[in-house]
Amino acid sequence: MTTSTGRGLLHLAAAVDQPDTYDADPYLTLTRLAERGGLDFVTLGDSFGRPGPDALAVLSRVAPATTRIGLVPTVTTTHTEPFHVQAAVATLDWVSRGRAGWRPEVSATEEEARLFGRRATAPAAELWGEAGEVADVATRLWDSWEDDAEIRDVATGRFIDREKLHYVDFQGATFSVRGPSIVPRPPQGHPVTVVDATQQHAHDVAARHADVALVNAAGPAQAAAVRAGLRRRAAEYGRDPDALRVLAALRIDLGGGEHAAVPGHGGGGPLPSDLGPLYRGGPVDLADLVTAWHRAGAVDGFHLTPVEPRRDLERLVNGTVPLLQHRGLFRTFYPGSTFREHLGLARPANQYAALAGEPS
């Protein structure tokens, strides 16, 4: 679907992080609010370096209580077993009926390594190399069951066609996995992989493996350059660059109500902060900023992190989103039921089924 400018519709996502919140209900409230606004997905951060609930478990609780919005927990690939990681993400896709994603992250501190006592920390480049291998083996394990591998024939007692289960026999630098998975192929085929490419060492992992890449940029020209670089690198890896969605990461402080944005924000672009680009102002000027970047072809959308979660997300959904819809830049309804459909991405073919169908 395209807008009147000839460009695709915007993709919008929001973080639902809430520090020191352990009950599931506040996360559910924010996710439902984002879903009411038609946002593509929400993210929930996680880390071994700070206290807090497990993001994947929280969104597994949120999944049955929502219907359309994509759910993207951060999943740390360091100190964890890749086989278990992929099984948990596949399970979220089943629980949500095809709305799961995941955001791989690494653990780079000695304090976090001591929590496990299994291995010392390593340089960030090495850890992100491992994260890329986890993303690789995850897609192989999701494909290790063909879509029709489940028979469930009570009369004959056959529940699985073992000819349609496949060993992946993956050997990485730090782990090996034989497979197959213990979870049937997810509804989306592959849950959506979101990579935070604002981190230097994650850039290559995003180009090689991401469906969605998050980037930092001070203005539309810089964002367009970063997007072009990621897409070019994706093509070098043999991927279709049009299958990579690049979203600008932006912190938003909408406490300014309907007043004009502070100088340097608004449609002219955000200002830097210690935590990345920050917009501070009202919902109208935020809509102008988003519109300007979209019309410049800078990014495919925005990943927005509210400074005050409830207040800012409400003002985004009730103020900015309707303006973008009125301008024909953002959807007024979900066109499908899966996360991939929201992003306009096809369901991937099963790599092993394709091989099995080739003549010997």
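Colleague: What makes Asp253, Arg280, Glu308, Arg311 and Asp312 a network?

Modeller: Salt bridges link Asp253, Arg280, Glu308, Arg311 and Asp312. A salt bridge here is a side-chain nitrogen of Lys or Arg within 4 Å of a carboxyl oxygen of Asp or Glu. By that rule the count is 21 salt bridges.

Colleague: And what are we looking at?

Modeller: This is a predicted model, where local features need pLDDT of at least 70, side-chain atom pairs count only at pLDDT 80 or more, and totals for chains, interfaces and linings use all residues. Residues are numbered from 1 along each chain as its sequence is written, and side-chain values use heavy atoms, with hydrogens and water left out. pLDDT is the predictor's confidence in each residue, from 0 to 100; the chain averages 91.

Colleague: Why is aspartate 40 with arginine 331 called a salt bridge?

Modeller: The closest N and O atoms are 3.1 Å apart, and the rule asks for within 4 Å, so the pair qualifies. Aspartate 40 and arginine 331 sit 291 residues apart, and both are buried, which means under 20% relative accessible area.

Colleague: How do you know that arginine 231 pairs with aspartate 242?

Modeller: Their closest N and O atoms are 2.8 Å apart, so they meet the within 4 Å rule. Arginine 231 lies in helix 7 (residues 220–236) and aspartate 242 in the loop between helix 7 and strand 11 (245–253). Helices (H or I, at least four residues) and strands (E, at least two) are DSSP runs, numbered from the N terminus.

Terms used
Buried means under 20% relative accessible area, exposed over 50%, partly exposed in between (1.4 Å probe, protein chains only).
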